[in-house]
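User: I have a new model open and would like to go through it with you. Could you start with the ligand and then take the rest as it comes?

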Amino acid sequence: MNQYLKGHLRLLAVWLIAEFMGAVMVTGMSLFMKQVADTAYGEGGLEGIQGLLLLGLVLVVVCLAVEYLGHYCRAKFLKECNLSLKRKIFDRIIHCDINLFQEKNNGSYISLLNNDLRLIDESYFQVIPLIYSNINTFLVAFIVMCLYHPLLAALQVLLCIPQILLPRRFGKSASAKQKEYMDSLDVWNAEVKDIFTGFEAVKSFGIEEKIKERYRKIVDEVEKNGFVMRKQQAKSLALSSASLYMAFVLQTVFSVYLVMNGEITMGILLGTMQISNYVNNPVREISELYLEYLTIKPVLARISAVLDGTEEAQGKTLGIEVDRVTPLCLHKLSFAYEDGRRILHELDFRFDSGKKYAIVGSSGSGKSTLLRLLMGYYAQYEGEVYCGGKRQTEISGQSLYRRISMVHQRVFLFDDTIRNNITMYGRYSDEEVWKAAEDAGLMEVIRRMGDGLDSRIQEEGRNLSGGEQQRFAIARAFIRKAQVLLMDEGTASLDYQTAGLIDSLLLDKEGLTLLSVTHKTEKELLQRYDEILVLEQGRILEHGLYDELSEQSKQLLAWNCQGASDDN
Ligand code: ADP
Ligand code: MG
């Protein structure tokens, strides 16, 4: 994390110099106070007053310049630090391996970007330089005080010691409490995100009260943890204030004693009283800031963990580029998720270039898992997957994703134009976009929406039907000339007629290798597939043309055809 401070050393240096000049200004104020007493008790008369006024005015002007410079540099420094950190974190998340990403709820990433980064700004970027600048003030004030009276200066420093020790005493537990607080904020974020995503379900089941109850529990926990954390800090802050007052009292009494004994003048008493604040306050501030820094340590660790993610966590960016990914061959392919339970068992199969495959099987038989494996989402499988003769593990993720497209049941549409939703921000000519739209059967939609390719799609495609959304996913595959299309129950939520039209569209697409997990398919359509793969409990039960399948498999298909939609 230090790299962010170091990365903007020049700005930081100017800020600190301005702060240092601020500290020197403090000495000016003390001199002014000394001058006040000396003028009042001396014989300078009107000239003395004029001098005093002039000194005061100079101080004000210098103060204005120094303060402005300090605050300006601070603002600029914070902007640069936050900007580079926010960008870097987002880069890391967006390049994260899909499995690792999905281990957490999206809400926790939002929490990271919001809460954690805000804390880093307030309690790290702002705090570390402030600690330095307070050290500056302390040193300057201490030196001036030594010049006034070394014994007083020594006493002052002695009285500061309790404040230095306090954060050490409270730091560890404050840090633990902070971590609990941040973790509960994470949960809160995830929950809120889920509730808003499922808003429709909440309404249609009328479960507002239940949801309120759940929300209340979580938010109670968050605020309780926040309170415990601040309560922990309260003890330390109160003790610190008390010891500050104690130092002030003892110091003043001792100074008065010195004045009575004629060891110092009234001017020096006022001067030292003025400057003693600048010895005390920085120590107090440093102790508070240091406590804040200790509290933020778990957050720093969380951020660092994201920033220092391993290459593995960064997804399959390495690897060779390939032009062809077909045929797709499975060789003794076995797979288990993290829990170790085997989902796929030694599959051997070859998906030929340009052929159309239907994959059927009952719920949980591993169909989606197989497609995700082919997409290159998981690397921890046994056996081999060959894409166009190359081991899948050797091919770069980019290369795979460009040539293999997956159509999900829920298509994600951006709140953007039709063009961008088809090109997915890639560079294509209008002709290419129109062609893909036409091939995917989107012309009707585009006509309806009025603004051609520039028509806007509303958030998550609210102004489109399910079938139309599917067609967007297909247009995306067409425009990038994907060689393989993986369809995971893409049409499951559509009515038979629309589903049939989309299936037909894909079956007619020449050169496209289609693997379609399907269960809403009529016999006539199934007969058009080159091969049907029946998967049961992670094994290929049988495969072949529809008419070659056993009665048992056909029954399975017939059952699925009745519209079982539990299955995804
Ligand atoms: P299908 O698509 O045929 O219904 P899936 O491939 O989705 O089946 O799931 C096969 C099995 O793998 C199921 O038992 C399911 O519970 C399990 N499974 C799916 N995804 C995960 C996951 N991310 N972690 C652990 N188990 C999973
Ligand atoms: Mg599935």
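Analyst: Gladly, with the caution that this is a predicted model. To begin with the ligand, a backbone N or O atom of Lys367 lies 2.9 Å from an oxygen atom of ligand 1, and taken alone that ligand exposes 560 Å², of which the protein buries 68%.

User: Which residues are the closest to ligand 1, and how many surround it?

Analyst: The ligand is surrounded by 13 residues, and the closest of them are Gly364, Gly366, Lys367, Ser368 and Thr369.

User: And what is the make-up of that shell, in nonpolar, polar and charged residues?

Analyst: Seven residues of the shell around ligand 1 are polar, four are charged and two are nonpolar. Helix H11, which spans residues 367-374, supplies the largest share of the shell, with four residues.

User: What does Arg341 do there, and how far is its polar side-chain atom from the ligand oxygen?

Analyst: Arg341 places a polar side-chain atom 3.1 Å from an oxygen atom of ligand 1, whereas Ser365 comes to 3.2 Å from a ligand oxygen with a backbone N or O atom.

User: OK, zooming out. What domains does the chain have?

Analyst: The domain assignment gives domain 1, covering residues 2-308, and domain 2, covering residues 328-559. The centres of domain 1 and domain 2, taken over C-alpha atoms, are separated by 55 Å.

User: Then on to S1. How does it pair with S2, parallel or antiparallel?

Analyst: Strand S1 (residues 328-336) and strand S2 (residues 342-351) pair in the antiparallel sense over six bridges, and in that pairing Leu333 has Leu347 in S2 as its bridge partner. Five residues lie between the strands of this hairpin, where Gly340 takes a positive phi near 90°.

User: What sheet do those two belong to, and in what order do its strands come?

Analyst: They belong to an open sheet of four strands in the order S2-S1-S4-S5, with antiparallel pairing. S2 and strand S5 (390-391) stand at the edges with a single partner strand each, so one side of each has no neighbour in the sheet. Strand S4 (residues 382-387) is joined to S5 by two bridges, and the bridge partner of Tyr386 in S5 is Arg391.

User: What about the six-strand sheet, what is its order and pairing?

Analyst: That open sheet runs in the order S6-S7-S8-S3-S9-S10, and its pairing is mixed. Its edge strands are S6 (404-407) and S10 (539-544), each of which pairs on one side only, and the twist averages 15° from one strand to the next.

User: Which way do S7 and S8 run relative to one another, parallel or antiparallel?

Analyst: Strand S7 (residues 484-488) and strand S8 (residues 513-517) pair in the parallel sense over five bridges, with Thr513 in S8 as the bridge partner of Val484.

User: One last thing: what is the phi of Met424, and where does that residue sit?

Analyst: Met424 has a phi near 50°, a positive value in a residue other than glycine, and its place is in the loop between helix H13 (418-423) and helix H14 (430-439). For context, most residues other than glycine have a negative phi.

Definitions and conventions:
Residues are numbered from 1 along each chain as its sequence is written. Chains are lettered from A and ligands numbered from 1 in the order in which they are written. This is a predicted model: local features need pLDDT of at least 70, side-chain atom pairs count only at pLDDT 80 or more; totals for chains, interfaces and linings use all residues. Side-chain values use heavy atoms; hydrogens and water are left out. Domain bounds come from an automatic or database domain assignment. A residue is near a molecule or strand if one of its heavy atoms lies within 4 Å of it. A polar contact is a pair of N or O atoms within 3.5 Å; within protein, one must be able to donate a hydrogen and the other to accept it, and residues adjacent in sequence count only if both atoms are side-chain atoms. Accessible areas come from the Shrake-Rupley method with a 1.4 Å probe; for residues, only the protein chains shown count as cover. Ala, Val, Leu, Ile, Met, Phe, Trp, Tyr, Cys and Pro count as nonpolar, Asp, Glu, Lys and Arg as charged, and the others, Gly among them, as polar. Two strands pair if DSSP finds at least two bridges between them. Axes are lines fitted to C-alpha atoms, for helices over the stretch in contact, and angles run from 0 to 180 degrees between N-to-C directions.
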